[in-house]
Amino acid sequence: KIDQKLAKKIEVAFWLLDSRRVNVGYTEVLKTLNEPSPDKAYSRLEADMANLGLIKLFNEIELPLIDVLEKMHQNGVALDAEFLKNLSKRHDKDLADLISKIQEIAGEKFNINSTKEMRRILFEKLKLDSKGIKKTGGGEKSTRFSELVKLKSLSPIIDKILKYRELAKLKSTYVDALPVLVDKDRRLRTTFLQTGTVTGRLASENPNLQNIPVRSELGREIRQAFYAPKGRLILTADYSQIELRVAAILSGDQKMKEA
């Protein structure tokens, strides 16, 4: 059985050599390298990193990060499940109100979650102009978010539908789902993916805590459920447009560097 620390080092080294290959497990790495021995595979990867000048990055940033992310996973983050349960009840009422208003504008009761029904109401009954609306693979008019936005000025029903969809999605994805995942110590534990993106930023899964909206009022409300115990604090830190800064440096463009 392979040592888990070695397995992780193999995965990170493989990803560092070509970050387009995200989340490749160590067994898959061994197959790709056609190398059954983990030790020999790691030696090969080390040599490749040395040739590309990546050893310093690997040893000083990526390797220490393995243990940091594991500690973050073990610690978890405190979550107020009761806050989310109360929020869920309020959202139930808000969704019911939106359904009522949507059906009132439509002039009949229909299944809001049915794209077929939605299509019938918007394009057949209300006769909204579908010019510029994309078609689905089956040739039907699309009712995706990006397409409905194009119809916002044509009827107040569109704004209500968009609000309903946003609220329903956030409720099912976070408000109702997160409390179920809280451990007995009232903490939520996500798995951080060190090799999960092409750009090098972290990703998370089970659950994904990086997609909770920050710009919308609904998203900010959900974020209030995360709290720091007494005597602690939650710190948020982010790079300021690091990709643009790197592009400015690499391109040498003076105007871009000034900006």
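Tutor: What follows begins with a single residue and its surroundings and then moves out to the chain.

This is a predicted model, in which local features need pLDDT of at least 70 and side-chain atom pairs count only at pLDDT 80 or more, while totals for chains, interfaces and linings use all residues. Residues are numbered from 1 along each chain as its sequence is written, and side-chain values use heavy atoms, with hydrogens and water left out.

The part to look at is T190, which sits in the loop between β2 (187-188) and β3 (191-193); strands here are DSSP runs of E with at least two residues, helices are runs of H or I with at least four, and both are numbered from the N terminus. T190 counts as buried because its relative accessibility is 5%, where buried means under 20% relative accessible area, exposed over 50% and partly exposed in between, with a 1.4 Å probe and protein chains only. Once neighbours within four places in sequence are set aside, T190 is in contact (heavy atoms within 4.5 Å) with H73, S204, E205, N206, P207 and L209.

Most peptide bonds are trans, and most residues other than glycine have a negative phi. N34, in the loop between α2 (26-33) and α3 (38-51), has a positive phi of about 55° without being a glycine, and its relative accessible area of 66% makes N34 exposed. K127, in the loop between α6 (115-125) and α7 (145-148), is likewise not a glycine and has a positive phi of about 55°; with a relative accessible area of 65%, K127 is exposed.

The loop between α6 and α7 also holds S130, which is partly exposed at 22% relative accessibility and touches F123 and K141, not counting residues up to four places away in sequence. S130 and S43 are 87 residues apart along the chain, and their C-alpha atoms are separated by 60 Å. A13 and Q194, by comparison, are 181 residues apart in sequence and 11 Å apart in space, C-alpha to C-alpha. A13 lies in helix α1 (residues 4-17) and is buried, with a relative accessible area of 0%; beyond residues up to four places away, A13 touches L45, M49 and F58.

Taken as a whole, the chain has 12 helices and 4 strands. Its radius of gyration is 24 Å, well over the 18 Å that the globule rule gives for 259 residues, so the chain is more spread out than a compact globule; that radius is taken over C-alpha atoms, and the rule is 2.2 Å times the number of residues to the power 0.38. The C-alpha trace spans about 70 × 45 × 45 Å along its principal axes, and 34% of the 259 residues count as buried. Among contacts with a separation of 6 or more, 56% are between residues 24 or more positions apart.
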